[in-house]
Amino acid sequence: MGAAALQGSERIEALEPHMGTMFRIVLYADDPGAAHVAIRAAFDRVGELDSELSDYIPESELNRVCETAVGRDVRISDDLNTVLRASQSLADRTDGAFDVTLGPVIRLWRSARQTGQLPTADALAEAAARTGYRHLHLGTGVIRLDLPDMQLDLGAIAKGYAADEGLRVLRDHGFPRALVAASGDIAFGDAPPGKAGWETGVDSINASSEAFTEVLTLHNAAISTSGDTEQYVEIGGVRYSHIVNPKTGAGLTQRIGVTVIAARGIDTDELSTAASVITEQAGPAAALALIEQAGAHGMIVLQAGGEWKKYAR
Ligand code: AMP
Ligand code: MG
């Protein structure tokens, strides 16, 4: 083995809460002191992104532009610009199945998860009237919104982008053998020393429709999983996911899990959420076609007629 293959003798792991979840960094280093400096910088970068992209932090850049950019161009940070450009492109490609202007509707379903009560039809109609990605306009480094009281929500894309950026900071500090994980979104750098890649488990279904965990080995890639396994509310025997289908105005009711693998977390994160919606709207083949057209790989597990099925491409 050459010197490069031996580099990174010690495995270092660190956790820190950001973006409403626990971020995890794992890296291999010879110099733990330098590694901890790099980890601090990576978490700080994620924190910076949270202050720009969060819809929970009242004074975030995202929430400020919802108030200031109504009917006029307002300058935005490079990060917000990057994430919104990717979002709007995906909204175009999915006819609005992926839509970061769904904030008002998403908030109603968020309350439903807390109270266990369905949103009323009136409340949903009022919220839906303040949505629509065609009411969000991006110019060169600027944003403009058509309607007052719009609420942008980057919950389907910000964590993947933050994982990419955390990984980039670690690499810039000299630690390319690293991963950054944010619950369902993980960005992987170079493989651990002496290994082909990072092993990661994904939910899968075998031929007899039994769920099991498939292990994948990845490096210099990202993976995201979306679905209803973690965040949902069950009301009147119906299970509503935290992902909203804009055509129905409701949380997804189909039991589904989507895994996407691509080069970057910003892409896997938005695609896995979009593919979940497309599966309900148009079926798994259409969702896999979207993933393939984006140059990514996807796997969908879906409950149909009481039985789990798996679709992959
Ligand atoms: P993820 O866990 O990446 O699938 O993202 C789910 C989050 O994305 C939700 O908690 C909402 O904040 C947001 N979201 C829900 N539905 C949509 C949608 N149709 N398009 C874009 N973002 C959505
Ligand atoms: Mg997502």
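1. S226 counts as buried because its relative accessibility is 10%, where buried means under 20% relative accessible area, exposed over 50% and partly exposed in between, with a 1.4 Å probe and protein chains only. The residue sits in strand β10 (residues 221-227). Strands here are DSSP runs of E with at least two residues, and helices are runs of H or I with at least four, numbered from the N terminus.

2. The model is predicted: local features need pLDDT of at least 70, side-chain atom pairs count only at pLDDT 80 or more, and totals for chains, interfaces and linings use all residues. Residues are numbered from 1 along each chain as its sequence is written, chains are lettered from A and ligands numbered from 1 in the order in which they are written, and side-chain values use heavy atoms, with hydrogens and water left out.

3. What surrounds S226? Apart from neighbours within four places in sequence, S226 is in contact with I243, I256, G257, V258, S272, T273 and S276, contact being heavy atoms within 4.5 Å. The side chains of S226 and T273 are joined by a polar contact of 3.4 Å. A polar contact is a pair of N or O atoms within 3.5 Å; within protein, one must be able to donate a hydrogen and the other to accept it, and residues adjacent in sequence count only if both atoms are side-chain atoms.

4. A156, in the loop between β5 (142-145) and α7 (158-172), and D269, in helix α8 (residues 265-282), are 113 residues apart, a pair that links distant parts of the chain. Both A156 and D269 are buried.

5. Strand β6 (residues 178-182) has 5 of its 5 residues buried. A178, V180 and A182 point one way from the strand, while L179 and A181 point the other way. Two strands pair if DSSP finds at least two bridges between them. Strand β2 (residues 21-29) runs antiparallel to β6 and is joined to it by 5 bridges, with V26 having L179 as its bridge partner.

6. β6 also pairs in the antiparallel sense with strand β7 (residues 185-188), over 4 bridges. In this pairing A182 stands opposite D185. The two strands form a hairpin with 2 residues between them, and S183 in the turn has a positive phi of about 45 degrees.

7. How many salt bridges are there? The count is 19, a salt bridge being a side-chain nitrogen of Lys or Arg within 4 Å of a carboxyl oxygen of Asp or Glu. In the pair of E16 and R40, the closest N and O atoms are 2.8 Å apart. E16 belongs to strand β1 (residues 10-18) and R40 to helix α2 (residues 32-53), 24 residues apart. E16 is buried at 18% relative accessibility, whereas R40 is partly exposed at 37%.

8. R45 and D79 form a salt bridge with closest N and O atoms 2.7 Å apart. This pair links helix α2 to helix α4 (residues 78-93) across 34 residues. R45 is buried, with a relative accessible area of 11%, and D79 is buried with 9%.

9. D172 and R168 form a salt bridge with closest N and O atoms 3.3 Å apart. Because they are 4 residues apart in helix α7, about one helical turn separates them. D172 is exposed at 57% and R168 is partly exposed at 39%. A network of salt bridges links R45, E48, D79, E165, R168 and D172.

10. In helix α9 (residues 284-293), the buried residues are P284, A287, L288, L290 and I291. Seen down the axis, they fall within an arc of 155 degrees, so they line one face of the helix; the arc is that of the directions from the helix axis to the C-beta atoms. The face turned away from the buried side carries the exposed residues A285 and Q293. Among the elements covering the buried residues of α9 are α4, β15 (256-262), α8, β16 (297-304) and β17 (307-312). Just after the helix, G295 has a positive phi of about 75 degrees.
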